[in-house]
Amino acid sequence: MRHPKSVLAAALGIAAALAAVPATSAVAAPAAAPAPAPAAYSAYAGSAENAQANRAFFEAVMESVAEKRAANPGAQAVTVVYSAASAPSFRTQIARSTQIWNSSVSNVKLQEGSNPDFRYYEGNDSRGSYASTDGHGRGYIFLDYRQNQTYNSTRVTAHETGHVLGLPDRYSGPCSELMSGGGPGPSCQNAQPNAQERARVDALWRYGLAAATAKVS
């Protein structure tokens, strides 16, 4: 979630039509002082490269889940596993964000555990909070201290988690839209996805997971 006036803010553009993207490499954990962002993350409105990279992030999470289901075909629930071990200051917000999403959608569930599909990290970064990827689908959510002191921290966390579930930024939206991020300003306290955002995530995981499962089977 970025403030709309920041030229370093990045929009995560998940395309409506999803294509399978192989996840072949891993992103190293961010250091205490993260390295400068790649050029694809520097434009507020986002770029084709940024959209493609973050679509790959979402699809790789989906494919990781599909591989686990293929190994355990009896499992009915679509569960995305995360690790909050590297973001101890935000455990409460991450737990609340998980609760919000799990009560909002039915086709995918978030769960903390080992062998995670994605991870949370924390620290200081002039870019604010973001979901990062190497362009091959591996990535993590970074939660910035200062931004989480300025904005509703649960909203920030739930917003960034929305990217992992397949939603793009929409900074021009109202406070009632979770993915409007910092657009409505720090006074916005809403941390809940609206009906359209919930339906979009359910649709992505209903149809996208079937394609991912077919690929790994």
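Start with the crossing of α2 and α4, which is right-handed: the near helix is turned clockwise from the far one by less than a right angle. Select residues 91-104 for helix α2 and residues 153-164 for helix α4. Helices here are DSSP runs (H or I, at least four residues), strands are runs of E of at least two, and both are numbered from the N terminus. Keep in mind that this is a predicted model, where local features need pLDDT of at least 70, side-chain atom pairs count only at pLDDT 80 or more, and totals for chains, interfaces and linings use all residues. Residues are numbered from 1 along each chain as its sequence is written, and side-chain values use heavy atoms, with hydrogens and water left out.

Now look at how the pair sits. Two packed helices are described by the angle between their axes and the distance between the axes. The axes of α2 and α4 come within 9 Å and cross at roughly 55°. Those axes are lines fitted to C-alpha atoms over the stretch in contact, with angles running from 0 to 180 degrees between N-to-C directions. The two helices are therefore oblique to each other (angles under 35 degrees count as roughly parallel, over 145 as roughly antiparallel, 65 to 115 as roughly perpendicular and the rest as oblique).

Next, show side chains. On the α2 side, pick Gln-93, Ile-94, Arg-96, Ser-97, Ile-100 and Trp-101; they meet Ser-153, Thr-154, Thr-157, Ala-158, Thr-161 and Gly-162 in α4. Contact means heavy atoms within 4.5 Å.

Zoom in on Ser-97, in helix α2. Is Ser-97 buried or exposed? Ser-97 counts as buried, because its relative accessibility is 0% (buried is under 20% relative accessible area, exposed over 50%, partly exposed in between, with a 1.4 Å probe and protein chains only). Leaving aside residues up to four places away in sequence, Ser-97 touches Thr-154, Thr-157, Ala-158 and Thr-161.

Hop over to Trp-101. With residues up to four places away in sequence not counted, Trp-101 touches several residues, among them Leu-110, Ala-158, Leu-178 and Val-201. Trp-101, Phe-118 and Trp-205 have the most contacts inside the largest nonpolar core, which has 35 residues. Such a core is a set of buried Ala, Val, Leu, Ile, Met, Phe, Trp, Tyr and Cys residues joined through side-chain atoms within 4.5 Å. Color α1 too: the largest share of this core, six residues, comes from there.

Finally, zoom out: the protein has five helices and five strands.
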